[in-house]
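My notes follow in the order I took them.

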Amino acid sequence: MPVYHVRFTCAADYNARRLPHRPAHLAQLTGLRDDGRVVAGGPEPDGGAAHIFYRVADRAALDRLIADNEFQRAGLFVAHEARVFDEFLVPIGRLPPDAGWKVTLVEGVPADRARAREALATLRAQKLVNLGGFFTDGTALVVVRLPESEAAIATLADAAGWEHARLTSRPWSQTL
């Protein structure tokens, strides 16, 4: 089943309004993870965006989950962008709900996809990469298990198949 990365743009007042909706949102995502439809999720620390990785049969199923999302219905998410992975590396392990794991999302175009794929497998075995993969457009998104953006980029750039100049990063709080 395909895995989709959805980046939600949060409302300007997201941080001020989210707490009353948060328990229901976490319960909803935990339930979806328990039945295999959510892989991981969490916000960016500044509250500007949130990221959820969904495993669903198709785009129609994804659209239904997005429409039913507690934060979406509360107006806390004001826009979203979905991309489908054509290769996905599953998480190392399952985090408890509300883990708040400080990690970094690293994105970019690999210099050599085959070598980058091998590097991700090695970095995952070393527990430096938690999940991620390659999108159909050739770009990649990787969750690096380091809170410092520059260190996360360097981790990939030092591995085969990646170039520092082709990578960007943002901090992420992996909640589940």
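Before reading any accessibility, I wrote down the cut-offs: buried means under 20% relative accessible area, exposed means over 50%, and partly exposed lies in between. I also noted that this is a predicted model.

**Entry: salt bridges**

Side chains of opposite charge can pair when their charged atoms come close. How many salt bridges does the structure hold? I found 13.

I looked up Glu107 next. The side chain of Glu107 meets that of Arg83 in a salt bridge, at 2.9 Å from N to O. Where do these two sit? Glu107 is in strand S5 (residues 101–108), and Arg83 is in strand S4 (residues 77–89). They are 24 residues apart in sequence, so the pair ties those parts together.

Is Glu107 buried or exposed? Its relative accessibility is 16%, so I put Glu107 down as buried. Arg83 has 17% and counts as buried too.

Glu107 has another entry in my list. Its side chain also forms a salt bridge with that of Arg170, at 3.0 Å from N to O. I noted that this pair links distant parts of the chain: Glu107 is in strand S5, Arg170 is in strand S8 (residues 167–174), and they are 63 residues apart. Arg170 is partly exposed, with a relative accessible area of 23%.

I then turned to Arg17. It forms a salt bridge with Asp13, and the closest N and O atoms are 2.8 Å apart. Arg17 is partly exposed, with a relative accessible area of 29%. Asp13 counts as partly exposed as well, at 35% relative accessibility.

**Entry: the largest pocket**

Again I began with the general idea. Rolling a probe the size of a water molecule over the atoms shows where empty space is left.

I looked up the volume of the largest pocket and wrote down about 250 Å³. It is lined by 22 residues, and the closest to its centre are Tyr14, Arg18, Arg22, Pro43 and Thr175.

Which elements supply at least two residues each of the lining? I noted helix H1 (14–17), helix H2 (22–34), strand S2 (38–43) and strand S3 (49–55). H2 gives the largest share, four residues.

Last, I sorted the lining of this pocket by class. I recorded 10 nonpolar, eight polar and four charged residues.

Conventions:
Residues are numbered from 1 along each chain as its sequence is written. This is a predicted model: local features need pLDDT of at least 70, side-chain atom pairs count only at pLDDT 80 or more; totals for chains, interfaces and linings use all residues. Side-chain values use heavy atoms; hydrogens and water are left out. A salt bridge is a side-chain nitrogen of Lys or Arg within 4 Å of a carboxyl oxygen of Asp or Glu. Buried means under 20% relative accessible area, exposed over 50%, partly exposed in between (1.4 Å probe, protein chains only). On a 1 Å grid over the protein atoms alone, a cavity is a set of points where a 1.4 Å probe fits but cannot get out, and a pocket is an open set with protein on both sides within 12 Å along at least five of seven lines; lining residues have an atom within 4 Å of a point. Grid points are joined across faces, edges and corners, and a volume is the space filled by probe spheres set on the points. Ala, Val, Leu, Ile, Met, Phe, Trp, Tyr, Cys and Pro count as nonpolar, Asp, Glu, Lys and Arg as charged, and the others, Gly among them, as polar.
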